[in-house]
Amino acid sequence: MFGARIAGTGYHVPENIVTNADLTRFMDTSDEWIRERTGIRERRWVTRGKDTTATLGAKAARKAIAQAGIAVSDIDFIIVATLSADYYFPGASVLVQRELGLSEAGTGAIDIKAQCTGFIYALSIASQYVQTGMYRNVLVIGSEVHSMALDLSTRGRAISVIFGDGAGAIVLQRTEEPGRGVLTSKLHADGRFAEKLVMPVPGSHGGYHDDRIETDTDWQFKPAGEWGDFFVTGQMLNKALVYPYMDGRNVFKMAVQKFPEVTIEALEAVGLTVEDIDLFIPHQANLRISNYVADKLGLPPEKVWNNIQRYGNTTAASIPIGIAEAVQAGKIKAGDLVCLTAFGSGYTWGSVLIRW
Ligand code: COA
């Protein structure tokens, strides 16, 4: 078995800044409400026609590849974690492969759809490929464009103010240095909560009412579609099924429980404790969640990397953006123990420990 270390990091966010004040043009909200409940001051949104999930991801990837000091052609495999791929299918990863000029090489590429935990799942999968010797350099990207599917009316304000666009990438590379790189990863999911944070349409479920699914909202209905004609209907658009739905309180309650639980599980698996962590990079769900989790774990603020204030919640991109920023800021040095933990839609949650 080999080790799998992070050899290069990079991120790219759109230049277009959307402040909380900007959002008041679309909906009844306020800077004060958004800051107080989420910690968010501003987020980035792509310019239509300029960037997509794949182009943001490819831009972040090029920076990570340059930092790793390798050529694009050295990349053996591409994993893109995203819930907002350019197309319903194929996934964003093949488009990233094309953007990077790796099509002729036939480099393998897959998407991982594990929402806010997507990067943790992707990194864990990549580490298995590298540790077993199957691949030497795996590109792992988290990239999201949320701004294309947000209900910007007052109806959608509880969720639309939270999400932003951006991408982060790492090169995961084979190492023969003992004890270096990914030490462990712990992954979990509980599908009973699938509808607590969901974008129901488009999908094969078709928005159809299902008595087995407990829901406290009216997003399910009986669509009047024929075969082949219920993927996206006017009725679905009217009911806002093409936008994300979130039971914010339930997400909050579960997140503050699962974040610490899985972090401790990962630490215990390798015989380490919270005191050993040099930098904790939690998925940026909400600043209140991150602060609560840090407090519960007993981590001082200087050991926690947060950027939700500037980018909002960028789902699968928030952790790799955080890693790249922390490296750039000189917050991570060789030998440090870096802990990455996420929780999100699914519900899914997980933690990865890395000896830098
Ligand atoms: N601006 C102003 N008011 C808003 C608003 C907004 N953007 N969004 C909701 N409100 C209003 C509601 O309409 C409601 O008004 P009412 O009391 O008159 O009915 C009030 O604020 C409280 O709404 P509620 O949804 O109960 O707020 P909350 O205290 O649960 O906070 C969240 C909402 C989303 C901030 C909170 O639930 C949360 O942080 N959840 C976790 C979300 C998260 O991390 N998601 C990412 C998952 S990875």
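Leaving aside its neighbours within four places in sequence, which residues is Ala7 in contact with?

## Basis of the model

The structure is a predicted model, in which local features need pLDDT of at least 70 and side-chain atom pairs count only at pLDDT 80 or more, whereas totals for chains, interfaces and linings use all residues. Residues are numbered from 1 along each chain as its sequence is written, and side-chain values use heavy atoms, with hydrogens and water left out.

## Ala7 in strand β1

Ala7 belongs to strand β1, residues 3-12, where strands (E, at least two residues) and helices (H or I, at least four residues) are DSSP runs numbered from the N terminus. Once neighbours within four places in sequence are set aside, Ala7 is in contact with Gln67, Ala68, Val171 and Gln173, contact being defined by heavy atoms within 4.5 Å. Ala7 and Ala68 are separated by 61 residues in sequence, yet their C-alpha atoms are 4.8 Å apart in space.

With a relative accessibility of 12%, Ala7 counts as buried; the term buried means under 20% relative accessible area, exposed means over 50%, and partly exposed covers what lies in between (1.4 Å probe, protein chains only).

## Helix α9 and its surroundings

Helix α9 spans residues 287-297, and within it Leu287, Ile289, Ser290, Val293, Ala294 and Leu297 are buried. Viewed down the axis of α9, these buried residues fall within an arc of 160 degrees, so they line one face of the helix, the arc being that of the directions from the helix axis to the C-beta atoms. Asp295 and Lys296, on the other side of α9, are exposed. The elements that cover the buried residues of α9 include α2 (31-38), α8 (248-269), β11 (279-282) and α10 (308-311).

At its N-terminal end, α9 is capped by Asn286, a side-chain oxygen of which lies 2.8 Å from the backbone nitrogen of Arg288. A polar contact of this kind is a pair of N or O atoms within 3.5 Å; within protein, one must be able to donate a hydrogen and the other to accept it, and residues adjacent in sequence count only if both atoms are side-chain atoms. After α9 comes Gly298, which has a positive phi near 80 degrees.

## Two helix pairs

Two packed helices are described by the angle between their axes and the distance between the axes. For α8 and α9 the packing angle is about 40 degrees and the axes are 10 Å apart, where axes are lines fitted to C-alpha atoms, for helices over the stretch in contact, and angles run from 0 to 180 degrees between N-to-C directions. That angle makes α8 oblique to α9, since angles under 35 degrees count as roughly parallel, over 145 as roughly antiparallel, 65 to 115 as roughly perpendicular and the rest as oblique. From α8, the contact is made by Phe252, Ala255, Val256, Phe259, Pro260, Thr263 and Ile264, and from α9 by Arg288, Ile289, Tyr292, Val293, Lys296 and Leu297.

Helix α3 (residues 53-68) and helix α4 (residues 92-99) pack at about 55 degrees, with their axes 9 Å apart, and are therefore oblique to each other. The residues that make this contact are Thr53, Ala54, Thr55, Ala58 and Arg62 of α3, together with Ala92, Leu95, Val96 and Glu99 of α4.

## Loops and backbone geometry

Ser345 sits in the loop between β12 (337-344) and β13 (348-355) and is buried, with a relative accessible area of 11%. A polar atom of its side chain lies 2.9 Å from the backbone oxygen of Leu197, and, not counting residues up to four places away in sequence, Ser345 touches Ala114, Gln115 and Leu197. Gln115 is itself in the loop between β5 (108-112) and α5 (118-131), and is buried at a relative accessible area of 14%.

Most residues other than glycine have a negative phi, and most peptide bonds are trans. Gln115, although not a glycine, has a positive phi of about 50 degrees; Thr315, also not a glycine, has a positive phi of about 50 degrees, lies in the loop between α10 and α11 (318-328), and is buried with a relative accessible area of 1%. A cis peptide bond with omega of about -15 degrees joins Gly346 and Tyr347, and Tyr347 is in the loop between β12 and β13. Val201 and Pro202 are likewise joined by a cis peptide bond, with omega about 5 degrees, and Pro202 is found in the loop between β9 (197-198) and α7 (234-238).
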